[in-house]
Amino acid sequence: TILDTLREEFGAKAEAKNLTLEIDDSSAVVISDQVLLMQVLRSLVSNAIRYTDLGTVAIQCSQEAGGLRISVSDTGIGIGRDHLENIFDEFYRVQNDPAGRDAGLGLGLTIVERVAKLLGVSMEVESEPGQGSNFSLLVPVNS
């Protein structure tokens, strides 16, 4: 399953940083392009691990009326409210990381948002500086 693949791909990376990687088990069958959905989830999990120094990265699944909510949350550095409306803009980078991990081009979340839109998947983000972030996708499921 998608979740097993994420566990296999990111378990060692989380462990190398002494992070706990928690991944729900779900038997839900989503209606989506698996390759593109994996691209979105890989990017979100990779970012969560990258910007978390202590604590947990979690992938949680919950059934909702509109489908399956897949959330990627972390206890990382977080994103300030003043940046949240811009994080999906091309080349926008939040430069609030004292560890200097702001070296990206500012395209990762832009690509994530565009692929999610192509898939017809709605995406939400919540974040607090110093508390972490939660990116969630609502993916249609087979009923």
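**Figure 1. Contacts of Ser127 in the predicted model.** Ser127 touches Gly78, Ile79, Leu84, Gly132 and Ser133, when residues up to four places away in sequence are not counted. This is a predicted model. Strand β4, which covers residues 122-128, holds Ser127. Ser127 has a relative accessible area of 7% and is therefore buried, since buried means under 20%. Ile49 lies 78 residues from Ser127 along the chain, and the C-alpha atoms of Ser127 and Ile49 are separated by 15 Å.

Figure 2. Gln60 sits in strand β2, residues 56-64. With neighbours within four places in sequence left aside, Gln60 is in contact with Asp24, Arg69, Ile70, Ser71 and Ser73. Two of these contacts, Arg69 and Ser73, can be picked out in the view along with Asp24. The relative accessibility of Gln60 is 39%, so Gln60 counts as partly exposed; that class lies between the 20% limit for buried and the 50% limit for exposed. Gln60 can also be placed against Ser136: the two residues are 76 apart in sequence, and their C-alpha atoms are 9.0 Å apart in space.

Figure 3. Apart from residues up to four places away in sequence, Leu36 touches Val115 and Leu119. Leu119 is 83 residues from Leu36 in sequence, while the C-alpha to C-alpha distance between them is 7.8 Å. Leu36 has a relative accessible area of 26% and is therefore partly exposed.

Figure 4. Asn18 is found in the loop that runs between α1 and β1, the latter being residues 20-23. The phi angle of Asn18 is near 60°, which is a positive value in a residue other than glycine. Asn18 has 69% relative accessibility and so counts as exposed, the class for values over 50%. Asp53 is found in the loop between α2 and β2. With a relative accessible area of 41%, Asp53 is partly exposed. Asp53 and Asp74 are 21 residues apart along the chain, and 9.8 Å separates their C-alpha atoms.

**Figure 5. The second largest pocket and its lining.** The second largest pocket holds about 210 Å³ of space. It is lined by 14 residues, of which Thr1, Ile2, Ser26, Ala28 and Val30 are the closest to the pocket centre. Which element gives the largest share of the lining? That element is α2, with three residues. By class, the lining of this pocket has ten nonpolar residues and four polar ones, and no charged residues.

**Figure 6. The whole chain, for orientation of the close-up views.** The protein chain has four helices and five strands. Read from the N terminus, the order of elements is α-β-α-β-β-α-α-β-β. The radius of gyration is 15 Å, close to the 15 Å given by the globule rule for 143 residues, so the chain is as compact as a globular protein of that length. Taken along the principal axes, the C-alpha atoms fill a box of roughly 45 × 30 × 25 Å. Of the 143 residues in the chain, 40% are buried. Among contacts between residues at least 6 apart in sequence, 65% join residues at least 24 apart. The chain exposes about 7,800 Å², and carbon and sulfur atoms supply 50% of this area.

Key
Residues are numbered from 1 along each chain as its sequence is written. This is a predicted model: local features need pLDDT of at least 70, side-chain atom pairs count only at pLDDT 80 or more; totals for chains, interfaces and linings use all residues. Side-chain values use heavy atoms; hydrogens and water are left out. On a 1 Å grid over the protein atoms alone, a cavity is a set of points where a 1.4 Å probe fits but cannot get out, and a pocket is an open set with protein on both sides within 12 Å along at least five of seven lines; lining residues have an atom within 4 Å of a point. Grid points are joined across faces, edges and corners, and a volume is the space filled by probe spheres set on the points. Helices (H or I, at least four residues) and strands (E, at least two) are DSSP runs, numbered from the N terminus. Ala, Val, Leu, Ile, Met, Phe, Trp, Tyr, Cys and Pro count as nonpolar, Asp, Glu, Lys and Arg as charged, and the others, Gly among them, as polar. The radius of gyration is taken over C-alpha atoms; the globule rule is 2.2 Å times the number of residues to the power 0.38. Buried means under 20% relative accessible area, exposed over 50%, partly exposed in between (1.4 Å probe, protein chains only). Contact means heavy atoms within 4.5 Å. Accessible areas come from the Shrake-Rupley method with a 1.4 Å probe; for residues, only the protein chains shown count as cover.
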